[in-house]
Amino acid sequence: MALDSHISPQAEASAGQQVLDALIIGAGVAGLYQLHQLRQLGLKVRAFDTAADVGGTWYWNRYPGAKFDSEAYIYQYLFSEDLYKNWSWSSRFPEQPEIERWLGYIADSLDLRRDISFSTTITSAVFDEDRNRWTVTTDKGEVFDTQFLVTCGGMLSAPMADVFPGQDSFKGQIVHTSRWPKEDIDLTGKHVGVVGIGATGIQVIQTIADEVGELKVFVRTPQYVLPMKNPSYGPPEVAAYKARFEELRQTLPNTFTGFEYDFEKQWKDLTPEERRAHLEDCHENGSLKLWLASFGEMFFDPEVSEQVSEFVREKMRARLKDPRLCDLLIPTDYGFGTHRVPLEMNYLEVYLRPNVEAVPVKDNPIARITPEGIELADGTRYDLDVIILATGFDAGTGALTRIDIRGRGGRSLREDWGRDIRTTMGLMVHGYPNMFTTAVPLAPSAALCNMTTCLQQQTEWITDAIRTMREQGKSVIESTAEGEEAWVKHHDETASANLISKTNSWYLGSNVPGKPRRVLSYTGGVGTYRRKCAEEAAAGYPSFAMA
């Protein structure tokens with residue numbers, strides 16, 4: 001039932017509970033902007049983060065070599081021209097310390113820190129059906145009574161850190177990349193093992209190879225890689241990108257991936273020579289352009305996929321030269337672009353160094369961590385001083401399933417998503433009223449998107465929905481079962497039409513044992529998703545029930 005108008009939530013809240021209009025989980029890219037917007041609406045709102053400061057992903061991921069692979073000038077908030085132009089980037093793809101400072105600049109410019117509780121983890125959130133409010137508990141024993149719960153926990157924030165038997169027995173130092181210590185780790189001259197060669201592992205490997213004594217890279221799934229070109233920015237370059245603010249503000253939200261470039265040429269319209277020239281041009285850009293703006297047909301047509309894949313393989317073979325390394329490091333069993341594509345700087349050349357060994361573990365997997373290092377299934381042992389786990393994340397769902405979230409009838413989000421991963425447009429989950437979500441499955445913010453583009457759009461939609469509720473005197477909103485079913489069906493039809501759904505990767509949760517298989521990200525395109533969200537709001541939220 002809705003609250004009686006003459007009974008205040010403060011009067012109904014239990015003793016010792018702090019009363020809010022909205023509580024935000026996370027103080028990263030989404031959480032900071034969501035906090036700013038809901039404060040602008042006049043709500044009493046507070047954000048919480050496990051970290052000791054703002055930044056989200058860019059607080060936690062401080063491993064060697066961590067940097068953007070979206071161009072800095074598009075990985076931006078676009079709601080304020082002053083906010084955009086009063087910060088200047090030092091390069092096209094800056095490193096983590098600079099990105100963390102930028103998010104601190106955002107927090108300070110908008111005076112957000114006073115409404116953020118740091119070093120505080122949300123442990124449970126329970127919906128009270130009698131009062132249509134959430135009771136939220138922290139690891140410090142604080143209890144909050146809030147009308148709205150907004151989750152901004154991030155797409156890649158629940159690390160797969162405990163993955164091998166015997167990790168606790170290791171006598172050296174073992175660290176997951178996303179929990180790299182602030183005081184750093186001295187790797188000079190040490191025997192180091194890196195497990196995992198996704199985007200993160202690649203950044204680590206190329207950065208530490210000339211610092212360590214010996215580097216063992218444990219290779220399971222090879223990756224297509226693209227070379228990064230990362231020029232420094234002086235005043236002319238900064239002035240040039242700042243002059244594009246209005247253009248970027250209009251363009252980014254409507255492209256297929258939220259980047260500045262888009263698919264403009266069609267495979268069938270070009271001769272073989274013209275196709276090759278376009279691929280060369282995109283590759284030469286030194287960005288993700290080959291993946292996100294060369295030929296959209298590579299995601300749907302196996303023949304086009306194979307030709308583009310072979311183009312990338314050819315580029316990689318020319319650099320690796322060694323036939324054994326080519327067999328080990330160049331993919332042949334899935335198509336380019338169906339996994340997350342990493343950018344790199346001389347990563348492949350690392351394997352040609354005398355102090356680096358690529359250890360194949362696909363057919364001879366890591367069996368356990370021993371006190372001395374890593375042991376493979378066949379008994380081969382590698383003695384190590386430091387083990388770096390670049391073993392990825394429980395993507396999309398992990399940030400919320402690690403919290404005890406209870407909706408109507410005591411239903412558990414962890415259990416619900418353990419059976420079937422469902423959302424309505426990635427913005428709400430049926431059975432969890434007044435809980436809005438960002439960066440969760442079935443929206444492009446789950447992957448395949450310039451994150452700031454998508455997270456801005458989602459938080460703005462949430463803010464508009466809350467504004468509409470308040471204007472109409474409503475106190476509760478929930479996605480309907482029918483609305484959710486329709487979105488899941490649309491999402492799955494869109495996903496099943498492309499080759500991403502035919503591969504195994506974290507895009508489908510394949511890296512997490514027992515996780516229900518579903519393409520996590522909406523693959524219909526950022527611009528299309530944005531239009532569908534806008535149409536939903538303009539039509540009066542037909543997939544949602546307000547009361």
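Q: Why is Lys85 called partly exposed?
A: Buried means under 20% relative accessible area, exposed means over 50%, and partly exposed is in between (1.4 Å probe, protein chains only). Lys85 has a relative accessible area of 31%, so it is partly exposed. The model is a predicted one, in which local features need pLDDT of at least 70 and side-chain atom pairs count only at pLDDT 80 or more, while totals for chains, interfaces and linings use all residues. Residues are numbered from 1 along each chain as its sequence is written, and side-chain values use heavy atoms, with hydrogens and water left out.

Q: Why is it said that the pair Glu314 and Arg276 ties parts together?
A: The closest N and O atoms of Glu314 and Arg276 are 2.9 Å apart, and the two form a salt bridge. Glu314 lies in helix H11 (residues 302-320) and Arg276 in helix H9 (residues 272-284), so the pair ties together parts that are 38 residues apart in sequence. Glu314, at 35% relative accessible area, is partly exposed, and so is Arg276, at 32%.

Q: Are Arg381 and Glu375 buried or exposed?
A: Arg381 has a relative accessible area of 52% and is therefore exposed. Glu375 stands at 11% relative accessibility and therefore counts as buried. The side chains of Arg381 and Glu375 meet in a salt bridge of 3.0 Å, N to O.

Q: Why does Glu71 count as buried?
A: Its relative accessibility is 0%, so Glu71 counts as buried. Glu71 lies in the loop between helix H3 (57-60) and helix H4 (81-85). Contact means heavy atoms within 4.5 Å. Not counting residues up to four places away in sequence, Glu71 touches Arg92, Phe93, Phe259, Glu260, Tyr261 and Ser287.

Q: Why is Ser445 called buried, and what does its side chain join?
A: Ser445 is buried because its relative accessible area is 1%. A polar contact of 3.0 Å joins the side chains of Ser445 and Gln458. A polar contact is a pair of N or O atoms within 3.5 Å; within protein, one must be able to donate a hydrogen and the other to accept it, and residues adjacent in sequence count only if both atoms are side-chain atoms. Ser445 lies in the loop between strand S18 (435-437) and H16.

Q: What makes strands S13 and S15 edge strands?
A: Two strands pair if DSSP finds at least two bridges between them. Three strands form an open antiparallel sheet in the order S13-S14-S15. Strand S13 (366-369) and strand S15 (381-383) each have a single partner strand, so one side of each is left without a neighbour in the sheet.

Q: How do you know that S14 and S15 pair?
A: Three bridges join strand S14 (residues 373-376) to S15, and the two run antiparallel. Ile374 stands opposite Tyr382 in S15.

Q: What is meant by a nonpolar core, and which residues have the most contacts inside the largest one?
A: A nonpolar core is a set of buried Ala, Val, Leu, Ile, Met, Phe, Trp, Tyr and Cys residues joined through side-chain atoms within 4.5 Å. The largest has 159 residues, and those with the most contacts inside it are Trp102, Leu215, Trp291, Phe336, Tyr351, Ile388 and Phe436. Helix H16 (residues 451-472) gives the most to this core, with seven residues.

Note on methods
Helix = DSSP H or I, 4+ residues; strand = E, 2+ residues; numbered from the N terminus. Salt bridge = Lys/Arg side-chain N within 4 Å of Asp/Glu carboxyl O.
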